[in-house]
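Subject: Structure for you to look at

Hello,

Please find the structure below.

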Amino acid sequence: MSTLTIPGREPRPGRKYLYLQNVSATSFRDLFPTIALSSEGPPPKAGGAVNEEVGLTIPSGETLWAISFKGDLEGWRRKIIECAQGRKLLWGEISEEHLRLSDGRYVPLASCRVESSDTQGA
Amino acid sequence: MKTTTRAALLLLALLAPSAAEASLERAGAPRLAPSFERTPDVSASQPAAPRFDLFAGDELARAAAEPGSAESFHPLAAVSLLSEDASLDLAPRSDVSYPKTRVWVFDVFSQRVVGVSRGLSVELDWGSASFSCGLASDEREDPLGLQTPGEELDPSVDVVQKAIVKAAQTTQKILANPRVQGGFKLFAAAAEGTAGAFAAATPTGVGQVVGFGAVVHASDVGAAGLRQLITGQEVRTFTSQGLEAGAKGLGFSPGAARAIGEGGDVLASAAFTAGSTSIARGLIAPAARAAPVLRSVPTTPAVQANTWQEYETAVRNQYGAAAFRQRQYQAVVEGRVVNGVADVIPNANVAVEAKFVGREGWSNSIRNPSSAIGDKPFAVNAQTEVLEQAQRYSAAFDRVIYHSNDLSFIRYYSSVFGQAGLENVEFVYTPSLLH
């Protein structure tokens with residue numbers, strides 16, 4: 001397993017993490033700005049979400065990208081899940097050293113490949 | 001009333017900084033050397049029978065009020081009696097002895113006071129120990145120190161009330177001392193001068209006038225207070241003397257003129273202090289609410305920069321450029337979802353922004369609404385964008401750090417951000433050395 005920091009593995013006060021499936025970092029950057037606007041439900045009331053630019057590739061090959069959010073935690077969680085469901089994408093969250101996936105799978109983090117798509121600040 | 005006065009004395013006693021504590025065995029220690037005739041020898045194997053009601057409150061005072069009984073009471077007697085009384089359904093304890101009575105001796109307003117804490121609660125769990133006080137003295141005939149020369153001690157007088165009266169008289173003497181009053185003057189002058197200095201620092205004409213007046217008057221009061229403190233003689237302020245002279249000139253009698261002088265001086269202090277405080281608070285309070293930053297602006301070493309690009313790079317280098325990453329974010333600002341990209345210290349969720357004020361200076365900056373171009377539409381847009389960017393960063397990230405090379409920029413926008421409720425935004429002053 002990589003030594004990269006896995007977002008959401010360590011809790012941060014006031015901030016939650018979800019993982020959203022996509023095929024590549026590039027396409028995820030296209031997907032990310034649409035999350036809060038991607039369904040008919042109301043947008044979050046406050047706070048924001050950050051593309052953490054970190055992906056977890058599970059043993060079956062799918063890659064899910066980390067999103068952190070703060071403020072209206074329920075609102076942001078709902079929008080990310082709606083985004084996934086609308087596009088028939090997997091989503092997941094970290095729980096006790098596992099990635100709990102929306103299809104019911106429970107994947108040990110130790111079995112995931114961690115990748116970063118960091119773009120250095122210019 | 002008794003309870004109230006005792007409670008007051010007890011409170012004073014608890015607050016007394018010079019309180020000393022001694023166990024019963026140590027009560028006669030040389031340091032304080034009071035006599036404790038009311039407390040019998042603890043080594044006595046058979047405690048004397050109690051001659052007064054138990055748990056009625058201040059047994060020590062009652063003992064004082066009962067002629068001939070002063071030496072007969074010891075709380076151990078109560079303990080023994082209760083432990084033998086089967087009707088109280090208390091299991092007698094074999095360890096009932098009396099090593100636990102504690103006696104405190106302390107000074108209150110120069111009066112030596114002795115407090116006795118009974119140890120009943122130690123032996124009997126349900127019992128509530130109480131506490132009583134009396135004045136301590138080395139005089140065998142007057143163990144509570146209440147008797148003045150030539151006067152017989154009236155045993156019916158409540159010792160605590162007498163102690164309170166003595167303490168009050170002592171306090172009056174202290175307060176009437178010119179040196180003490182000089183100290184009060186100095187204290188009042190410090191308060192007035194501080195409030196005046198804050199008011200004078202405000203950018204309003206009224207604030208500066210009132211603040212300056214307060215500082216001048218505080219100097220007068222402070223100088224008089226200091227001289228009085230040193231000499232022990234009453235020293236009047238120039239303000240008071242001037243007002244008195246003016247009143248005499250207007251035809252007031254000497255007594256009335258002096259009253260006007262002294263009263264006017266006090267009124268001036270009150271008015272200057274209150275006015276300055278109000279003015280200062282009027283400006284400081286919103287600024288304090290507004291500014292998560294301005295109470296102290298952290299400063300980093302200066303950087304070489306002529307342009308905002310050079311400045312941004314230099315700021316980034318102070319962190320170590322590799323520490324930065326760009327992050328997409330979505331944020332909700334005033335109900336709208338907005339997208340953006342920020343320079344972020346990952347893992348810490350800190351967004352960092354550099355704001356450079358160029359050679360034109362803050363007075364001509366497009367971001368300064370008070371500049372010559374500050375009200376132009378493009379300038380207003382630039383000013384609005386500074387706030388909106390901060391709102392986006394504040395919503396999306398845990399912390400936001402703004403570096404600027406201009407303290408006026410920091411002062412102005414820290415207030416703006418604060419008024420917008422951005423509590424997680426900080427400013428750092430990073431000067432630029434233009435080359």
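Two strands pair if DSSP finds at least two bridges between them. Helices (H or I, at least four residues) and strands (E, at least two) are themselves DSSP runs, numbered from the N terminus.

This is a predicted model, in which local features need pLDDT of at least 70 and side-chain atom pairs count only at pLDDT 80 or more, while totals for chains, interfaces and linings use all residues. Residues are numbered from 1 along each chain as its sequence is written, and chains are lettered from A and ligands numbered from 1 in the order in which they are written.

The pairing between the chains: strand β2 of chain A (residues 47–57) and β6(B) run antiparallel and are joined by 3 bridges. Within β6(B), B:Q330 is the residue opposite A:A49.

The contact as a whole involves 25 residues of chain A and 19 of chain B; two residues are in contact if their C-beta atoms, placed from the backbone, lie within 7 Å. On the chain B side, two or more residues each come from β6 (325–333), β7 (336–345) and α11 (377–396). The largest share, 8 residues, is from β6(B).

Chain A itself has 8 strands and 2 helices, in the order β-α-β-β-α-β-β-β-β-β along the sequence. Among its contacts with a separation of 6 or more, 67% link residues 24 or more positions apart.

Regards
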